[in-house]
Amino acid sequence: MERVKKAIVLVLLLIICNGLDSFAQKAADNKKPQSLTELKNSIRKILRETKTPGAGVVLVSGDKTIMDEGFGKASLEKNINANENTIFRLGSVSKTFVALAILKLQEEGRLNLKDKIKDIIPEIKFNNPWEATHPIRIENLLEYTSGWKYWSMAELGYDNPTPKTLKEALDFYPKTRTSIFVPGTKSSESNVGSAVAAYIVEKVSGLTFDKYMDVNFFKPMGMESTSFLQTEQYKKRGATLYENGIKLSYLNLLYRPAAALNSSAADMSKFITFLTSRGKVNKVRILSDSSICRMERGESFQKIVPKEFVNDCGFSNYAEAFNGFRYRGYGGSLPGGNANFGYIKESRLGYAVMINDGDEESLKKIVDVIRGYQTKNLKQKSVEIATKKYKLDINPSGYYSCIYPKFDLTKALDLPKSVCKVWVKDDTIYTKRLNDGGSLNKYVYAGNNKFRSVDTNGITLFVVNDPLNGSIIWPNLKKISPLWAYTLLGIFYSLPIVLFSSVIFGLLAVLVFLFGKKKSKVAMFVGLLPIITYSFILAAAALLMLSIHNRYDAFQIFGTMNPISIVVFICGIIYSAAAIWSAYYIFKKRREKMSKIFYFHSALATVLNLIIMIYFIYTGLIGIPTWI
């Protein structure tokens, strides 16, 4: 039953490779580990409680490694313990290394972050409708401001142990390289953007990306087992991958520089030292401090973006508050693996955590306990609480929904899930998500279209004038009409209601026909039509529930043309045809003698099915094969 529940979540939400963009700020546990031994015991306890097989953990202070150690099991089947040399998969942490390579080439004067990519790599085609006024530059790729999508299901579904060259990979699915927003006006993670940046490294250096990283970073740092490929070392020392308790195969990602990094705790200790020492390892400078600083800030954003956000976003390097301290870092996730690293620049403290499980809950807990341990004796800087009051000269009240979903496939769900209400009361701004009982957030106006959180005192809400969507809550919430807001919510909640009521009325219609005095096949058929129509959606959902047990399954099913994806596609088409034909038939039989209750239910259910069908077509859930 638990597996079925997780499969439902995977199918409906498709939370795939979300890159672990950030960890929510949490209050540290009252029982913070006070010693390294207590910290290790806490990590082991978390692994046991979350049923996570193993972890690799790194703690660094300045240029010293405090801990690089393995915990739990590298392989459950073989009963192999994880150690500091166990190799884990790090997902989107890979992107940070792409940024380092670009910065190294800029230091050498071989490129500039402001260079237009069309001038450097004209052979890589892309579509940017605003290229004349807002060209895509290298820094746009690294800061995720190119307007390109995350990646498509077809790219996710690729899994071939024979690696493609980077150029071959980029030629595989060029449609992802289409800007859906004006470059520089938003930030949205793009794996293909990082892959294109890695290709620029190849073009400028004359080396393959893998070779360039080996020569300029991995070997100088002493990261002997780190790579973007399933090397012989990985085959010998790589942690077995698990998700939902299922052993997974190694996923050969199409865009290796974006998400395929493999490394060990021993190697990652060198990388974290590199960061806490501002570009040096073992007193050998690999990158300048100014380049590290550039990695930690954003510059490709247009002027509409508040500087508070620009200072927090860099090249796969985001700032995050933790109990008054400011960590920088990044994370990654892929089937069977999760990772996160972070560091406090001023205190020169850093960490890295890697696990061989697809559930990120364990990782979050380990990161939280490590941060609590690292900061337990640090003195917080006094923060001046903003008390100045500003006259509220804008009113963002209204209903909002997301503009750009992360995946096209999840748009039908993302739109109603993201619906939120914003209102003003006594000069305080309130926001609340309507679909999932989200917590109420309160803000006070801080001037210049910015709002300060009442809870954290930080500037966390901005209203900006987007070139395409007008006034939005940055980066991804657009004001919608109340009618559309409640239509989205109505569609979301009507699905289970229509299904449940259609089953009940369908059964009653059959019973009336079998045991009633007046037998009417037309009346029975009218009563059954809604559930017959809905059965095609149910068949597709049941097939997916039985087939998808983890993200790897989801990638393969949705990202490739296979019997399951074909059946699901056909079920959607038949559902649409059945909804239309049901409406025609019920209207045609409106004068037949039958129970008005049954007829009106079937008529209402059919209208709702038509609305749902139109919505599914509008959001691309029906009519478009997921593998193209």
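Modeller: In this predicted model, the cysteine sulfur closest to that of Cys420 belongs to Cys402, and at 10 Å it is too far for a bond.

Colleague: How many disulfides does the structure hold?

Modeller: It holds 0 disulfides. A pair would need its sulfur atoms within 2.5 Å.

Colleague: And is Cys420 buried or exposed?

Modeller: Cys420 is buried, at 9% relative accessible area. Cys571 is buried as well, with a value of 10%.

Colleague: Changing topic: at what angle do H18 and H21 pack?

Modeller: Helix H18 (residues 521-547) and helix H21 (residues 596-618) pack at about 25 degrees, and their axes are 8 Å apart. Angles under 35 degrees count as roughly parallel, and H18 and H21 are therefore described that way. The crossing is left-handed.

Colleague: Which residues of H18 and H21 make the contact?

Modeller: H18 contributes Val526, Gly527, Pro530, Thr533, Tyr534 and Ile537, while H21 contributes Tyr599, Ser602, Ala605, Asn609 and Phe616. By class, 7 of these residues are nonpolar, 4 are polar and none is charged.

Colleague: How do H17 and H21 cross?

Modeller: The axes of H17 (residues 482-515) and H21 cross at roughly 140 degrees and come within 9 Å. These two helices are therefore oblique to each other, and their crossing is left-handed.

Colleague: Which residues meet there?

Modeller: Among them are Trp484, Leu488 and Phe505 in H17, and Phe598, His601 and Tyr615 in H21. The contact of H17 with H21 has 18 nonpolar and 5 polar residues, with no charged ones.

Technical notes: Residues numbered from 1 in each chain as written. Predicted model: local features only at pLDDT ≥ 70, side-chain atom pairs only at ≥ 80, totals over all residues. Heavy atoms only, no water. Axes fitted to C-alpha atoms, helices over the stretch in contact; angles between N-to-C directions. Helix = DSSP H or I, 4+ residues; strand = E, 2+ residues; numbered from the N terminus. Parallel < 35°, antiparallel > 145°, perpendicular 65-115°, else oblique. Left-handed = near helix turned anticlockwise from the far one by under 90°. Contact = heavy atoms within 4.5 Å. Nonpolar A, V, L, I, M, F, W, Y, C, P; charged D, E, K, R; others polar. Buried < 20%, exposed > 50% of the residue type's maximum accessible area, 1.4 Å probe, protein only.
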